[in-house]
Amino acid sequence: MKLMAIILQMLARILHLLPCKSRVALLSRQSSKMSMDYRMLATELEERLGPDRVVVCLTEPESKDVLGFVAGTMKQLIVACTSKVIIVDGYVPAVSIPAKPEGVTVIQMWHSPGAIKKFGYQCLDTPAGRSRESAEAGRMHRNYDYVIAGGPGAKEAFGLAFDYPTSKVWALGLPRIDFLLEQGKNCYRNRRARRILNENEFLGNGKPTILYAPTLRKGAGYDENWLTHNLGQLASALEARGRAAGAPANLIIAGHPLNNEFSQALLREHPCVHVVPKTATIHLLAVCDAMISDYSAVAFEAALLGIPVELYVPDLDQYEKSPGLNIDLRTLHSTHTNAGAALSAALDLALAHHAGESCENDFSTLTRSYFKGIEYGCTSRIAELAVSKL
């Protein structure tokens, strides 16, 4: 990291001699594919500025493709050094490491609407986080002028995670919140839901559907079988509720994008468990009646859409230590360390939701407070901020 920092700083000094273009650059090392947030924001910016003044430069993270990451970082450095406004959705070395010239604005639009678990500077020197030495060498999350939070409930956690005062954290929402809040039979979310229903026959069996969407586990104490184990526990509990009549609900597994490992043998053992391939978790929300999650911010997205959420956290003691939590989950009735209890609560809510009945719980209440005041128009608000800095 130290060597990379030296190289980036040296190259940046040369590149900063080039003219700085009046354009907005969207950079990411989350994936080589554009996220929903970036697609929606890029479209909005192009409508305001024209396509020539908006550039998107993406790369896979180093954990997936080291050579691709190095090449992508070099491209991002060129774009960053020649753009007046830069938007990132995570830590981007090409933006944080070199010195930032006067007149350039950097906006951090984090890729999650909130933060149940700690991240960034909150969990340095824990098994799940970076070392302080690595963070300092790579100037992690430096050079930001603004940090965008999904809701006011995230401001304090984001300030600590990025190591900025909360005055620099603006609760503008995220483009994906617009996707969730948009109304109308023919809005994109509902059109996508109809396509999922048509392409997956099991969703038409008359049973409610529960989505299991856990976060990524990493660090000491987690092996590659954790997802298979947890899913198996939930599936067994669901089948026990149905007994001879069969499972009373469908159970869809939606793993974290960085962790797609689970046993195919488990799918054969538990017919109630299904996978919807090549479909993002946020698109699955509209075809589900309840969600079981843990520390993932996708739980907020479900609750924003009116989907009841129960939390299955068998590793709560361990997770409180590394990476740590921003929300005291032990105070919520919707938090469970036992698979049977989590499944039973989620199934009751799913049955009520499927029947059109009221099915809110204390996680629903928490979400309303966390995103208080955030309404449709997040994409426009962020674009407005970016354009105002050109």
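**Exercise 1. Determine which residues Lys 207 is in contact with, leaving aside its neighbours within four places in sequence.**

Solution. Contact means heavy atoms within 4.5 Å. By that criterion, Lys 207 touches Ala 247, Pro 248, Ala 249, Asn 250 and His 354, its neighbours within four places in sequence being left aside. The model is a predicted one, in which local features need pLDDT of at least 70 and side-chain atom pairs count only at pLDDT 80 or more, while totals for chains, interfaces and linings use all residues. Residues are numbered from 1 along each chain as its sequence is written, and side-chain values use heavy atoms, with hydrogens and water left out.

Helices (H or I, at least four residues) and strands (E, at least two) are DSSP runs, numbered from the N terminus.

Then take His 354: the C-alpha atoms of Lys 207 and His 354 are 8.1 Å apart, although 147 residues separate the two in sequence. For Ala 247, the backbone oxygen lies 2.7 Å from a polar atom of the Lys 207 side chain.

Finally, classify the exposure. Buried means under 20% relative accessible area, exposed over 50%, and partly exposed in between (1.4 Å probe, protein chains only). Lys 207 has 29% relative accessibility and therefore counts as partly exposed.

**Exercise 2. State the order of the six strands in the open sheet, and identify the helices that pack on it.**

Solution. Two strands pair if DSSP finds at least two bridges between them. The order is S9-S8-S7-S10-S11-S12, with parallel pairing. Strands S9 (273–274) and S12 (335–336) are the edges, each pairing on one side only.

Within the sheet, S7 (residues 209–212) and S10 (residues 290–293) are joined in the parallel sense by three bridges; Ile 210 has Ala 290 in S10 as its bridge partner.

For the helices, axes are lines fitted to C-alpha atoms, over the stretch in contact for helices, and angles run from 0 to 180 degrees between N-to-C directions. Helix H9 (residues 226–242) lies across S7, S8 (250–253), S9, S10 and S11 (309–312), at about 170 degrees to S8. Helix H14 (residues 339–354) touches S7, S10, S11 and S12, and its direction makes about 170 degrees with that of S11.

**Exercise 3. Describe how strand S5 is paired and which way its side chains point.**

Solution. S4 (residues 105–109) runs parallel to S5 and is joined to it by three bridges, with Gln 108 opposite Val 147. S5 also pairs in the parallel sense with S6 (residues 169–171) over three bridges, and here Val 147 stands opposite Val 169.

In a regular strand the side chains alternate between the two faces of the sheet. From S5 (residues 146–149), Tyr 146 and Ile 148 point one way, Val 147 and Ala 149 the other, and all are buried.

**Exercise 4. Classify the ring pair of Tyr 146 and Trp 170.**

Solution. Rings of Phe, Tyr and Trp (its six-membered ring) pair if their centres lie within 6.5 Å; planes under 30 degrees apart count as stacked, over 60 as edge-to-face and the rest as tilted. The count by this rule is 14 aromatic pairs. For Tyr 146 and Trp 170 the centres are 4.9 Å apart and the planes stand at 75 degrees, so the pair is edge-to-face. Tyr 146 lies in S5 and Trp 170 in S6, 24 residues apart. Tyr 146 is buried at 15% relative accessible area, whereas Trp 170, at 35%, is partly exposed.

Conventions
A polar contact is a pair of N or O atoms within 3.5 Å; within protein, one must be able to donate a hydrogen and the other to accept it, and residues adjacent in sequence count only if both atoms are side-chain atoms.
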